[in-house]
Amino acid sequence: MRARADACPGAWRRHDAADGALARFRPVGGAIAPAELRLLADASDTAADAAPLELTSRGSWQVRGLTVKGADDLAAALAAVGGPAPLLDDQGRDVPCSVVASPRSRAVDAPARAIADALRGRTDVPGRLLVAVDDGTGDVLGLDADVAVVLGTPARLHLAGAPTDIPAAGPTAGPTADPAGLALAAIEAFLAVRGDAWRVAEVGAAAVLGALRTREQKRVLEHAEVLTCAERTCVEVLPRLGEVTPAAARVLADLGDEGAALRVTPWRTVVLRDPPDDARERLAAHVETGPSRWASLSACVGAPRCAKSHTDVRGDLARAVATGRAGGLLHAHWVGCARACGTPAGPVAVVEGTPGGTYRTIVRTGRVSG
Ligand code: SF4
């Protein structure tokens, strides 16, 4: 059993990094309002070493290089923004864990909001917990979320990346059209049995399912409308390595003001639903707007922001891309030392900086980093 709580940063609980305070903001299903994005951009303007905003593999925003007062001021300003799915509500409460959702679908917005609002401010929910609402396309199912609901006929519950038999059978099944309720029931069941565990896989999906049935919270879901955005009404752009400069954030915010709904994805892109016709052109100077070598690349922060790094990982990677030596079919994750922070799940080539200033490549098939 663990002797410590998880150390995931949030809006108020920051990570004390070498370059200052690091705050993390978890959007509800990736949603961010233009006013929130401008506040993040303003904070990034003042960050140590001009650190850009960062997108995480769970669709969160990170602001690094802050002073404690700067981080407090940012959280307070965000709490004053309001809106239907704010990063922080008017009481300053953020969402304690990641709630991701299919970025192109409007159908996921309401259940994602209901889940997030029910969890806001709770201290018994581990920051490592991942909740997903999938529109039936399976795009966020591949994240192996702890708790996932898939809209459909009927909607279904997945635990730790595997489908369950809910809502198909069972004496307590009954009709409902409440996918958020199903997810929340599963989360409560996990909290009831988790002990010191952070993820469903640590206690086993069977234990959570047992608790779910015991609590008679098993549900059958009626058809939930799947309203996937037609391709022509969505634009998806890729900030290199998830780095969003203040200038890029402000262009995105402008497009949001002009009617585009902004959604951050767990694959570190930004989807704009119903954007202005010239959105790609206006973003082209700031992010990748078409097929790109950067799509299969990720990297840890490296030197100079991480004192453990043997090299300027991101600078080295940029040079490798520019000369055609990086960016292929297999995902490559560049890191500055053997800790290999942020190594994604699944097949990946880890390109690791060594004390001699060279790199070695290790092909891995699963998650290895702690
Ligand atoms: S992998 Fe090493 S260099 Fe990169 S962030 Fe982690 S500790 Fe720092």
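## Pairing of β17 and β18

Strand β18 (residues 348-353) runs parallel to β17, and four bridges join the two. In this pairing, valine 335 has glutamate 352 of β18 as its bridge partner. The model is a predicted one.

## Pairing of β16 and β17

Strand β16 (residues 297-299) also pairs with β17 in the parallel sense, over three bridges. Histidine 333 in β17 is the bridge partner of serine 298. Leucine 297 stands opposite alanine 332 of β17.

## The two faces of β17

Which way do the side chains of β17 point? Ala332 and Trp334 point one way from the strand (residues 332-335), while His333 and Val335 point the other way. In a regular strand, side chains alternate between the two faces of the sheet. Ala332, His333, Trp334 and Val335 are all buried.

## The whole sheet

The open sheet is formed by four strands in the order β16-β17-β18-β19, and its pairing is mixed. The edges are held by β16 and β19 (359-364); each has a single partner strand, so one side of each is left without a neighbour in the sheet. On average, neighbouring strands of this sheet are turned by 20° against each other, with direction ignored.

## The helix across the strands

Which strands does α9 lie across? They are β16, β17 and β18. Relative to β16, α9 runs at about 160°.

Methods: Residues numbered from 1 in each chain as written. Predicted model: local features only at pLDDT ≥ 70, side-chain atom pairs only at ≥ 80, totals over all residues. Buried ≥ 20, exposed ≤ 12 C-beta atoms within 10 Å, placed from the backbone. Pairing = 2+ DSSP bridges. Axes fitted to C-alpha atoms, helices over the stretch in contact; angles between N-to-C directions. Contact = placed C-beta atoms within 7 Å.
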